[in-house]
Amino acid sequence: MSARWDSCLAALQAHGRLPSAVAGVLQGGELVWTGAAGAGSVDERFRIGSITKTVTAVAVLQARDAGLLSLDDTIGSVVPETGYRDVTVRELLAHTGGLQSEPVGSWWERSPGVDFATLVAANDASGSVSEPGEFHYSNLGFALLGEAVARVHGASWWDVVSAHVLAPLGLDHTSYDDAAPAAQGWSVDHFAGTLTREPHQDTGAMAPAGQLWSSVADLATFALFLADGHPDVLSRESLAEMVRPTSPTYGLGTWLLELPELPGRRLVGHPGSMPGFQASLFVDPETRDGVVVLASSTTGLDTDTVPGLLLGDRELTPLEPWVPTQQVPAGVRDLLGLWFWGNSAVEVRWHNEQLHLRSVARHRLTDVFEVREAGIVGTWGYHRGERLRVHRRRDRTISHLECATFIYTRTPYDPTVPVPGGHPA
């Protein structure tokens, strides 16, 4: 099986254009395989985004079990200054409190964090998007839950989850920040394949929604906890309450997955994302089989389908590993971007030192070209062996591309370009 898992991870890295990707698979509660693709190392910390919410939810259930609060208490009974004071703790855990998804202000994931007083002052109930009871995912709601945990314990949210969740589980490589060894988060230019560093912000009062960093081994341990519970953290009964559906795909701080590759099975866990990172952690509580995948890219990983891929038996076509672009060759950069063959949109990307043409509608690679001294020549696809000609205006800007009578223009049926068949009325 390890060869298949290696192949799966390599395909995920190549298809998603992930600078680094690491993963682990549990079978029957045992971490039986770990792997890395791209520049990744399984020993590195990656940012885990909203998997942090499940850690926060565990701390809330702990506080309930200790008699420090009730899930049916209003959040205002603990945090009276919030404008959402009538929403219950249970509703916040289930994302059914009617809160907006994001706090007012600049994009919190990319901005220096603010303290709770500043956050709560900027976010009164005027941002509500629905009446309580309807599922609407809310990062803001988990900031309120983190503050409630802090207040009932008389300590910071981070101190509480460190002492009461992470330490008893032995999650020594789960941290608040990017303490070494940690991966750098990247975004990938859609057309050029070049990398841009993403910020590793301290999110301040929003930390309970997405701040944490962790490793494959630590998250595998956390996945096993979600299946078995732990006497020093949360009982099986309270854990069962967390994973009981409150909506089709959510429990209390837990994401619920039913996948076609795994009929009759329900996985529990959470996906996560932050600038430069994506994460997926899911486990089957019945079989104790689970998956952890971490990637150092803002996009490119389908975190909900990864568990079915690694735990299923579907074979994947091998793909050449993707390598980030160091420099786009002269004369190529202005070819990149969106083009139209009539009304049909086509992407032109620089990928692994080649030009790739991809159909936008079909989500499919159609042609590959190499840049040679003699010109740009097709090496794969419909235009294999044919030359892609670049037609330029007098000012050297590109008018259109042409390959074997196929005309590609920057706008559909560009009237300044001789498109065969004329132009629509």
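**Loops, rings and a helix**

Q: Where is Arg288 found?
A: Arg288 is found in the loop between S9 and strand S10 (290–295); helices (H or I, at least four residues) and strands (E, at least two) are DSSP runs, numbered from the N terminus. This is a predicted model, in which local features need pLDDT of at least 70 and side-chain atom pairs count only at pLDDT 80 or more, while totals for chains, interfaces and linings use all residues. Residues are numbered from 1 along each chain as its sequence is written, and side-chain values use heavy atoms, with hydrogens and water left out.

Q: And what is the phi of Arg288?
A: Arg288 has a positive phi of about 65°, although it is not a glycine. Most residues other than glycine have a negative phi, and most peptide bonds are trans.

Q: Why does Arg288 count as partly exposed?
A: Because its relative accessibility is 28%, where buried means under 20% relative accessible area, exposed over 50%, and partly exposed in between (1.4 Å probe, protein chains only).

Q: OK, what about Arg396, where is that found?
A: Arg396 is found in the loop between strand S16 (387–392) and strand S17 (398–403), and its phi is also positive, near 75°. At 54% relative accessibility, Arg396 counts as exposed.

Q: Which peptide bond is cis?
A: The bond from Ala180 to Pro181 is cis, with omega near 0°, and Pro181 lies in the loop between helix H6 (157–169) and strand S4 (186–188).

Q: Switching to rings: how many aromatic pairs does the structure hold?
A: The structure holds twelve, where rings of Phe, Tyr and Trp (its six-membered ring) pair if their centres lie within 6.5 Å, and planes under 30 degrees apart count as stacked, over 60 as edge-to-face and the rest as tilted. One of the pairs is Phe46 with Phe277, which is edge-to-face at 6.2 Å centre to centre, with 85° between the planes.

Q: Which parts of the chain does that pair link?
A: The pair links distant parts, with Phe46 in strand S3 (residues 46–47) and Phe277 in strand S9 (residues 277–283), 231 residues apart. Phe46 and Phe277 are both buried.

Q: Last one: how many residues of H8 are buried?
A: Ten of its 13 residues are buried, so H8 is largely enclosed by the rest of the structure; among them are Phe222, Phe225 and Leu226. Just after H8, Gly229 takes a positive phi of about 75°.
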